Amino acid sequence: MGRSSWDSKNALGELFSQDEISSRERPSAFLLTTGRSLATTPRPPEQTNSKSKLVAEYIASYQRITHGGLFIDGFAGPQSKEHLDAWTARRVLEIQPPRIRRFWLCELDPAGLIQLRRLKDAHHLRPSSRKISVMPGNFNRTVDTILLTGRIRPKTPTFAFLDQRTMECEWATVRKLATFRSRRKIEIMYFLGTGWLHRAMASRRDPKRIAECDRWWGGPTWRGLLGLRHDELVQRVVDRFQDELGYGYVKAYPIHLRESGKKVAFHLIHASDHEQAPVLMTRAYLKICGDIQNTPSDSQGDWVQAFGNAH
Ligand SMILES: C[S@@+](CC[C@H](N)C(=O)[O-])C[C@H]1O[C@@H](n2cnc3c(N)ncnc32)[C@H](O)[C@@H]1O
């Protein structure tokens with residue numbers, strides 16, 4: 001692959017060409033072909049739809065800037081088998097033009113793996129430079145296989161989507177991705193189930209479930225989270241990405257239960273060491289979710305204090 005703009009110091013000015021700046025007005029670069037008429041298709045849950053649209057919108061910008069890159073989806077099976085049109089892996093694979101060269105789609109559940117293999121059949125080697133690997137099993141183990149393939153070279157832009165349901169992604173896995181030897185850190189989009197995490201933590205009684213929680217947080221100190229408000233909990237995770245894992249640009253993007261409502265279902269925490277990444281991500285958020293108070297797209301408020309850090 002040639003030298004990407006993501007890597008090039010001199011290209012920073014070019015990242016904000018008039019073309020890029022006007023991308024807000026452009027139609028989205030991803031296509032959806034559900035094969036069913038809109039009249040008969042049940043609407044997907046709004047938060048699932050927003051999440052997948054947001055990730056695909058961001059990746060459409062990311063691949064324009066990086067001229068490609070690699071995509072690791074650690075928890076890739078569809079959230080809802082009824083709404084395959086709101087499935088992130090599918091939306092990202094359908095981005096036009098198809099520039100991301102390699103996908104690792106990881107999944108534990110056999111039914112999800114069947115869907116992923118179908119998705120692979122539709123996109124593998126189309127174009128011929130595009131390779132898709134479906135990785136069965138626990139992502140907390142398959143992550144080692146992916147990192148050992150040798151495909152992630154020091155200059156290869158790599159994005160990891162960690163879309164767990166609640167606590168399936170172990171902190172050790174996040175750390176492995178964050179500390180993988182590369183010129184730039186692997187960029188991470190981490191799902192934080194803000195709306196139900198307190199309940200999930202408080203209900204853990206038996207040792208097996210408590211051990212799962214320990215692995216998710218990377219130790220027993222998760223108990224201290226129970227006394228935090230939602231915004232404090234989000235900030236704690238943002239701080240961990242920044243202080244413990246060394247990411248320069250970390251922001252939390254709330255996804256609402258209803259597109260027009262105020263109740264937050266979950267946050268997507270975006271961590272990168274490239275200064276343009278939060279700019280592109282905030283632009284994608286604005287386009288998909290709108291100009292919402294106390295979020296990175298809030299045109300009125302001081303969202304840096306509310307939901308993120310940038311150094
Ligand atoms: C929230 S869903 C993913 C949703 C999907 N990203 C989408 O856009 O529709 C989480 C998925 O992770 C799978 N999963 C749960 N634990 C896992 C693990 N340890 N390793 C890999 N996949 C896992 C589940 O079976 C489920 O399909």
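Me: How many nonpolar, polar and charged residues are in the lining of the largest pocket?
Reply: This is a predicted model in which local features need pLDDT of at least 70 and side-chain atom pairs pLDDT 80 or more, while totals for chains, interfaces and linings use all residues. Residues are numbered from 1 along each chain as its sequence is written, and side-chain values use heavy atoms, without hydrogens and water. A pocket is an open set of points on a 1 Å grid over the protein atoms alone, where a 1.4 Å probe fits and protein lies on both sides within 12 Å along at least five of seven lines; lining residues have an atom within 4 Å of a point. With Ala, Val, Leu, Ile, Met, Phe, Trp, Tyr, Cys and Pro as nonpolar, Asp, Glu, Lys and Arg as charged and the others, Gly among them, as polar, the counts are 15 nonpolar, 11 polar and 11 charged.

Me: Which elements give two or more residues to the lining of the largest pocket?
Reply: The lining has 37 residues, and those nearest the pocket centre are F75, D163, Q164, R165 and E168. Elements are DSSP runs numbered from the N terminus, helices being H or I of at least four residues and strands E of at least two. Those giving two or more residues to this lining are α2 (46-66), α3 (88-93), α5 (139-148) and α8 (207-217).

Me: Is I269 buried or exposed?
Reply: I269 sits in strand β7 (residues 264-272). Buried means under 20% relative accessible area, exposed over 50% and partly exposed in between, with a 1.4 Å probe and protein chains only. At a relative accessible area of 0%, I269 is therefore buried.

Me: What separates the C-alpha atoms of I269 and Y190?
Reply: Contact means heavy atoms within 4.5 Å. Beyond four places in sequence, the residues that I269 touches include I188, Y190, V234, F241 and V250. F241 is likewise in contact with residues outside its four-place neighbourhood, among them W171, V174, Y190 and I269. I269 and Y190 are 79 residues apart along the chain, with their C-alpha atoms separated by 4.9 Å.

Me: Where is the cis peptide bond with omega of about -5 degrees?
Reply: Another cis peptide bond, with omega about 5 degrees, joins R126 and P127, and P127 lies in the loop between α4 (110-123) and β3 (131-136). In the loop between α3 and β2 (102-107) is P97. The bond with omega of about -5 degrees joins Q96 and P97.

Me: Where is H67, which has a positive phi although it is not a glycine?
Reply: Phi of L125, also not a glycine, is near 60 degrees, and L125 belongs to the loop between α4 and β3. H67 has a phi of about 60 degrees and is partly exposed at 43% relative accessibility. H67 is in the loop between α2 and β1 (70-73).

Me: What percentage of the residues of the chain count as buried?
Reply: The chain has 11 helices and 8 strands. Of its contacts with a separation of 6 or more, 76% are between residues 24 or more positions apart. Of the 311 residues, the share that counts as buried is 54%.
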